[in-house]
Amino acid sequence: MAGILLVEDDPSVRTALELALTRQGHSVTSYATGEEALDHIRSRRPEIAILDVMLPGIDGVEVCRRIRRLDQLPVILLTARGDDLDVVVGLEAGADDYVVKPVEPRVLDARIRAILRRAESAASDRIAFGDLMIDRGALKVTLANKEIHLTPTELRLLLELVRHPGQVLNRRYLLRVVWDHTHVADSRLVDACVQRVRAKIEPRPAEPVYIHTVRGFGYRFSPP
């Protein structure tokens with residue numbers, strides 16, 4: 001069971017999703033606005049937030065950005081069908097995943113459980129690559145002795161790349177093992193997440209020294 005924060009301004013959609021997720025065993029708190037959601041997070045942190053992109057006032061993408069300034073709380077965005085701009089902007093804002101409307105509750109539940117599994121999974125050793133230190137047991141990453149805050153999805157991606165140093169991992173593989181997705185169209189999840197991880201661990205993200213792009217194939221972790 002997960003403590004879920006659901007933010008959806010359409011009352012019928014909000015009620016339907018709340019009922020469906022409750023039936024799946026989750027504890028759901030729902031709101032119609034981003035402002036209410038941010039107030040809730042400040043007073044009582046959920047385990048995961050599900051945000052509709054199109055909200056009155058502060059929209060879902062901006063709520064995600066504000067969450068990321070303070071917290072690595074997992075975030076799923078609900079986007080309109082075919083609205084690729086919402087998806088791209090949302091992923092760049094730090095969302096872990098997205099689900100296209102109309103939402104199939106079983107799909108949403110599967111995405112929730114996959115993200116929570118990422119947050120819980122870890123090995124019990126520490127690995128150092130120069131100034132980059134990864135403590136799998138503590139789920140902690142430091143760079144030059146300064147802690148780097150990664151979301152569960154970002155950490156899972158980094159750990160998967162680190163498990164195969166020098167090896168090229170294609171987007172389809174990363175999509176399957178990190179996100180539990182099989183739809184190749186979701187490969188932009190991988191690209192956006194790699195960009196976010198680079199922004200946090202690379203001295204110069206535009207000239208990466210840890211995570212390298214192999215054009216036409218995928219990504220390779222090759223520390224200097």
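Helices here are DSSP runs of H or I with at least four residues, strands are runs of E with at least two, and both are numbered from the N terminus.

Before going on, the ground rules. This is a predicted model, in which local features need pLDDT of at least 70 and side-chain atom pairs count only at pLDDT 80 or more, while totals for chains, interfaces and linings use all residues. Residues are numbered from 1 along each chain as its sequence is written, and side-chain values use heavy atoms, with hydrogens and water left out.

Phi of Asn-145 is near 70°, which is positive in a residue other than glycine. Is Asn-145 buried or exposed? Asn-145 counts as exposed because its relative accessibility is 80%; the classes are buried under 20% relative accessible area, exposed over 50% and partly exposed in between, with a 1.4 Å probe and protein chains only. Ala-144 sits in the loop between β8 (140-143) and β9 (146-148), and its phi is also positive, near 55°.

Another backbone point: the peptide bond from Lys-101 to Pro-102 is cis, with omega near -5°. Pro-102 is in the loop between β5 and α5 (105-120).

Now the sheet. Five strands form an open sheet with parallel pairing, in the order β2-β1-β3-β4-β5; two strands pair if DSSP finds at least two bridges between them. β2 (27-31) and β5 (97-100) are at the edges with a single partner strand each, so one side of each has no neighbour in the sheet. From one strand to the next, the twist averages 20°. Strand β3 (residues 48-52) pairs with strand β4 (residues 75-79) over 4 bridges, in the parallel sense. In that region, Leu-51 stands opposite Leu-77 in β4.

Helix α4 (residues 84-92) packs against helix α8 (residues 188-201) at about 30°, with the axes 9 Å apart. Axes are lines fitted to C-alpha atoms, for helices over the stretch in contact, and angles run from 0 to 180 degrees between N-to-C directions. That angle makes α4 roughly parallel to α8, the classes being roughly parallel under 35 degrees, roughly antiparallel over 145, roughly perpendicular from 65 to 115, and oblique for the rest. Which residues make the contact? From α4 they are Asp-84, Val-87, Leu-91 and Glu-92, and from α8 Arg-188, Leu-189, Ala-192 and Arg-196, where contact means heavy atoms within 4.5 Å.
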